Amino acid sequence: MAAWKALLYFSASVMFFLTQGLGMNLALANLNQIQGSIAATTTEAAWLSAAYMAPNVSLGILLVKVRMQFGVRALAKAAVISFVVASLLNLFISDLQSAIFVRFLSGIAAAPLATLGFLYMLEIFPPEKRGTVGLCLVTMNSMLGAPLTRLVSPTLIDYGGWRGLYTLEMSLALLVLPIIFLLPLTAPPRVKVIVRTDILSYMFIAIGYGCFAVALSVGRAYWWFEASWLGVVLVVAVASLCVAALVELNREHPLIDIRWLLTWRNVHIFGILLIFRLMTGEQSAVVMLWYQNIGLLFDQLQTLYLIILAFTVVGGFVCAALLNRGLSRSIQVVALMLLATGAFIDSQTTNLTRPEQMYLSQALIAMGSAMFIPPTLADFFNAAFAKGPAYIVTFFVVFMFTQVIGALVATASYGTFITIREKFHSNVLAEQIRLTNPIVADRVSALITPYAKVMGDPSLMNGEALTLLAAQVTREANVLAFGDAYLVAGSIAVAALIIMLGHLGLQAFALKFTRTSAAAPAAA
């Protein structure tokens, strides 16, 4: 492919991923800013994310077969036009109920966009490089939406609140519409591959994935042990996926080859992808919560997110260059070192930590995130591609589960962990607050001083000082809880690094032993 044409296809892939990423993140990143315009509480606003994720998380699985049967062009047209309509509906939202309904439709309409971005990127490369360079750039593009959302959100919120955000989404949808007509994808022969049992299996998979997405999106807001219906939702999710597995195991041509999926190599890859999501959750979930907790807004974090965006791009291109040389394991070792270093630097945060102190650590994490996942995905993608087109569906099942459900698991896990650790640290600090302690007494006296000229009653002044001291204790407990979360992320990265080095060491020893054993009879 000519260089100018490859650049056009690369730009098209970026546009599709940005359209999908911004559509997913605009509401999620700005829940606190937009909940007033739709008359929703913080807990109710969490349903906007749940409504989007519930259908979006599983549709990519079915779309692989839809593309094989009806063609890429038909899928692209239907996908982009549907997304334009869904984006237009966002401009007419007036309350929470209409917002939830439209977000549900947006989740359905946006599902094919990532698939199209994936296909446009692979179009550039010959088959032997699609699983290496192509996959690195696809992964990089999929990570650009979150930091870019936080860069553009302040201006859009000032411009028009909710409607300002989704005017951009509709604009992007209109921009990608001509792409499918001007830059056609290579159309493989159409094959009738969808049968009735595919629809049955997909229905159960969609229910299972959707229930998991809902529970993970709103579980922390309602709290896990306080809302009994969360348990019902999780039971339905597990039961639906079990029924889907039973259906698939008894089919001659399954939608998902579960037996192949559960081979040791694939389970190993599946585990690596989930661990990756837990490691990168430090940047995608914890850092955002941290700055919300200390009262900073996105317009005060512009440089930080610009650095994250830049180093994500750098990491993607470095990974592509190294993976093309066959250095997949070296890339992962370096990536884990970057992730661990960044997380441990962040674990030293205090209540005086501001974005400037996190530039280095977040740059390391962004670069490590972009470098770690492509080598793992490359192994799985190449194995699925070698087995035939039917196994690409299985690849998308694992990819969607680990990336979307895995991201929700990371966000829910870290949020829950921070809440629990904040209560723990609050109790520990509160036990040390005694007025008989000279340090505490001095702090209370310092807090009383500003009120001495306007309050004459000593008991009122003491009460006000103790209230301010309690607020400071809560703030410090939150700081310690976030430090614990950063420490957990770093510990996961170190544990993964140790296991990987041990595994590589055993592989090298086994290879050397095999060569020595083979050489011994020859020498004799």
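Me: Is Cys 242 buried, partly exposed or exposed?
Reply: This is a predicted model, and what follows is computed from it. Buried means under 20% relative accessible area and exposed means over 50%, with partly exposed in between. The relative accessible area of Cys 242 is 44%, so this residue counts as partly exposed.

Me: How many disulfides does the count come to?
Reply: A disulfide needs a pair of cysteine sulfur atoms within 2.5 Å. The sulfur of Cys 242 has its closest cysteine sulfur in Cys 211, 13 Å away, which is too far for a bond. By this rule the number of disulfides is zero.

Me: How are helix α1 and helix α3 oriented to each other, roughly parallel or roughly antiparallel?
Reply: The axes of α1 (residues 3–29) and α3 (residues 42–70) come within 8 Å and cross at roughly 150°. In α1, Gln 20, Gly 23, Met 24 and Leu 28 meet Ser 49, Tyr 52 and Met 53 of α3, and by class this contact has four nonpolar, three polar and no charged residues. Angles over 145 degrees count as roughly antiparallel, and α1 and α3 are therefore roughly antiparallel.

Me: Which kind of aromatic pair do Phe 16 and Tyr 120 form, stacked or edge-to-face?
Reply: Phe 16 lies in helix α1 and Tyr 120 in helix α5, 104 residues apart, and the pair links distant parts of the chain. Both Phe 16 and Tyr 120 are buried. Their ring centres are 5.3 Å apart and their planes lie at 20°, so the pair is stacked.

Terms used:
Residues numbered from 1 in each chain as written. Predicted model: local features only at pLDDT ≥ 70, side-chain atom pairs only at ≥ 80, totals over all residues. Heavy atoms only, no water. Buried < 20%, exposed > 50% of the residue type's maximum accessible area, 1.4 Å probe, protein only. Axes fitted to C-alpha atoms, helices over the stretch in contact; angles between N-to-C directions. Helix = DSSP H or I, 4+ residues; strand = E, 2+ residues; numbered from the N terminus. Parallel < 35°, antiparallel > 145°, perpendicular 65-115°, else oblique. Contact = heavy atoms within 4.5 Å. Nonpolar A, V, L, I, M, F, W, Y, C, P; charged D, E, K, R; others polar. Phe/Tyr/Trp six-rings, centres within 6.5 Å; stacked < 30°, edge-to-face > 60°.
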